[in-house]
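This briefing goes through selected residues, a helix pair and the aromatic rings. Please read it alongside the sequence and the model.

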Amino acid sequence: MRLKNRFFWIAANTGFVLDQLTKYWVVQTFNLGETQPLIKGIFHFTYVQNTGAAFSLFSGKVEWLRWLSLLVSVALIALALFSPVLPRWEQWGYGLILSGAIGNGIDRFVLGYVIDFIDFKLINFPVFNLADVFINIGIACLIIASFQKPPSNHRSSR
């Protein structure tokens, strides 16, 4: 038996495992608030706990984000299971979005906050994690997919 939408499952599982492994590494290696420069003043690893949405918006008031993560995850799994085979870019995009939704969703359900650690100091960007990166790459894949010409189902006459 061949797995339908296999690139979706590869992206979802790989992204989820990488996200969880890096968060585990950060929690085991850093104290809360500790920062370690990789390129001083530009790129650091900084361990923070985000109780809000993206960019710490609505900090501490995001009970609904747990359920949104779960809803998005279930919807994407259903899409991969019950839809016809998706174009490759869509499989990668939806799979990466699922990996981020599950990764951050688990943090919210289990811990009550999301573990963030990627810190671009140069532009004073909010600290984020790999789940956030995968969601954004997934969105980029879906944008690319939207520009792909669907295959023609009929032959043009000569």
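At 2% relative accessibility, Asn5 counts as buried, where buried means under 20% relative accessible area, exposed over 50% and partly exposed in between, with a 1.4 Å probe and protein chains only. The model is a predicted one: local features need pLDDT of at least 70 and side-chain atom pairs count only at pLDDT 80 or more, while totals for chains, interfaces and linings use all residues. Residues are numbered from 1 along each chain as its sequence is written, and side-chain values use heavy atoms, with hydrogens and water left out.

**Asparagines with positive phi**

- Asn5 lies in the segment before α1; helices (H or I, at least four residues) and strands (E, at least two) are DSSP runs, numbered from the N terminus.
- The phi of Asn5 is positive, near 60 degrees, in a residue other than glycine.
- Asn124, also not a glycine, has a positive phi of about 55 degrees.
- The loop between β3 (114-120) and α4 holds Asn124, which is exposed, with a relative accessible area of 70%.

**Asp19 in α1**

- Asp19 is part of helix α1, residues 6-29, and is buried at 0% relative accessibility.
- The side chains of Asp19 and Gln20 are joined by a polar contact of 3.0 Å. Such a contact is a pair of N or O atoms within 3.5 Å; within protein, one must be able to donate a hydrogen and the other to accept it, and residues adjacent in sequence count only if both atoms are side-chain atoms.
- Beyond its neighbours within four places in sequence, Asp19 is in contact (heavy atoms within 4.5 Å) with Gly103, Asn104, Asn129, Leu130, Ala131 and Phe134.

**Asn104 in α3**

- Asn104 sits in helix α3, residues 88-110, and counts as buried at 5% relative accessibility.
- Not counting residues up to four places away in sequence, Asn104 touches Asp19, Lys23, Val114, Asn129, Ala131 and Asp132.
- A polar contact of 3.0 Å links the side chain of Asn104 to that of Lys23.
- Asn104 and Ala131 are 27 residues apart in sequence, with their C-alpha atoms 6.4 Å apart in space.

**How α1 meets α4**

- The axes of α1 and helix α4 (residues 130-147) come within 8 Å and cross at roughly 155 degrees. Axes are lines fitted to C-alpha atoms, for helices over the stretch in contact, and angles run from 0 to 180 degrees between N-to-C directions.
- The two helices, α1 and α4, are therefore roughly antiparallel to each other, a label for angles over 145 degrees, with under 35 counted as roughly parallel, 65 to 115 as roughly perpendicular and the rest as oblique.
- On the α1 side, Gly15, Leu18, Asp19, Thr22 and Lys23 meet Leu130, Ala131 and Phe134 of α4.

**Aromatic pairs**

- There are 10 aromatic pairs, counted when rings of Phe, Tyr and Trp (its six-membered ring) have centres within 6.5 Å; planes under 30 degrees apart count as stacked, over 60 as edge-to-face and the rest as tilted.
- Phe8 and Trp9 pair edge-to-face, at 4.8 Å centre to centre and 85 degrees between the planes; Phe8 and Trp9 are both buried.
- Trp25 and Phe30 also form an edge-to-face pair, at 5.4 Å centre to centre with 80 degrees between the planes.
- Trp25 is partly exposed at 38% relative accessible area, whereas Phe30 is buried at 8%.
- Ring pairs link Trp25 and Phe30 with Phe43, Phe45, Phe117, Phe120, Phe125 and Phe128 into a cluster.
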